[in-house]
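Please open the model in your viewer and keep the sequence beside it. The stops below tell you what to select next and what is there.

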Amino acid sequence: MTDARERAREDGDRSDAARIAFLSEVSRRLGGSLDPAETLDAVARLGIPLLGDFCSVDLRGADGTVRRATSAHVRQDKEAAMLAYAARYAPGPLNDRSPAARAYRSGEVVHLPELPDSAFEAASVDDEHLRLIRLVAPR
């Protein structure tokens with residue numbers, strides 16, 4: 001039992017160290033460039049695969065419009081699909097059903113630990129939208 005406890009403590013220590021290293025690198029990148037697009041892209045890429053399979057950053061302007069600032073995916077071959085998605089399906093109006101729209105409305109992070117296909121179907125606006133969501137989404 002003692003060996004198991006010791007391994008769990010060591011795993012926790014490594015996990016804490018990884019989080020601290022990640023936050024340190026994000027802080028360094030935030031202060032490392034005056035170009036907002038470059039900074040956002042760097043931070044989005046740092047988050048994968050530590051925090052998830054992909055990351056998209058949308059910015060909401062003072063007029064309420066939303067634009068995709070950057071996207072990154074753990075698999076580079078899926079980034080093309082993310083670009084196609086962003087070009088054709090710009091972040092929707094604030095009344096749409098997507099998790100992103102929920103985040104825009106609430107101002108809170110929407111964490112989705114699991115993404116069942118029913119969530120994709122509910123958020124999609126047409127067949128091509130659904131195809132691109134399925135192509136990019138983690139499994």
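This is a predicted model: local features need pLDDT of at least 70, side-chain atom pairs count only at pLDDT 80 or more; totals for chains, interfaces and linings use all residues.

A residue is called buried when its relative accessible area is under 20%, exposed when that area is over 50%, and partly exposed in between, with a 1.4 Å probe and protein chains only. Select P116 to begin: its relative accessible area is 42%, so P116 counts as partly exposed. P116 sits in the loop that runs between α4 (99–106) and α5.

Residues are numbered from 1 along each chain as its sequence is written, and side-chain values use heavy atoms, with hydrogens and water left out.

Now colour the chain by pLDDT, the predictor's confidence in each residue from 0 to 100. The chain averages 78, and 83% of the residues score at least 70.

Select α6 next, starting at its N-terminal end, which D126 caps through a side-chain oxygen 3.2 Å from the backbone nitrogen of E128. Within α6, the residues H129, L130, L132, I133 and V136 are buried. They lie on the same side of α6, because they cover an arc of only 165° around the axis, the arc being that of the directions from the helix axis to the C-beta atoms. These buried residues pack against β1 (54–60), β2 (66–73), α3 and α5 (117–123).

Move to α3 (79–88), whose buried residues are E79, A81, M82 and A86. Seen down the axis they fall within an arc of 155°, so they line one face of the helix. On the other side of α3, A80, L83, A87 and R88 are exposed.

Finally, select A81, M82, Y89, L132 and V136, the five residues of the largest nonpolar core, meaning a set of buried Ala, Val, Leu, Ile, Met, Phe, Trp, Tyr and Cys residues joined through side-chain atoms within 4.5 Å. Both α3 and α6 give two or more residues to this core.

Terms used
Helices (H or I, at least four residues) and strands (E, at least two) are DSSP runs, numbered from the N terminus. Contact means heavy atoms within 4.5 Å. A polar contact is a pair of N or O atoms within 3.5 Å; within protein, one must be able to donate a hydrogen and the other to accept it, and residues adjacent in sequence count only if both atoms are side-chain atoms.
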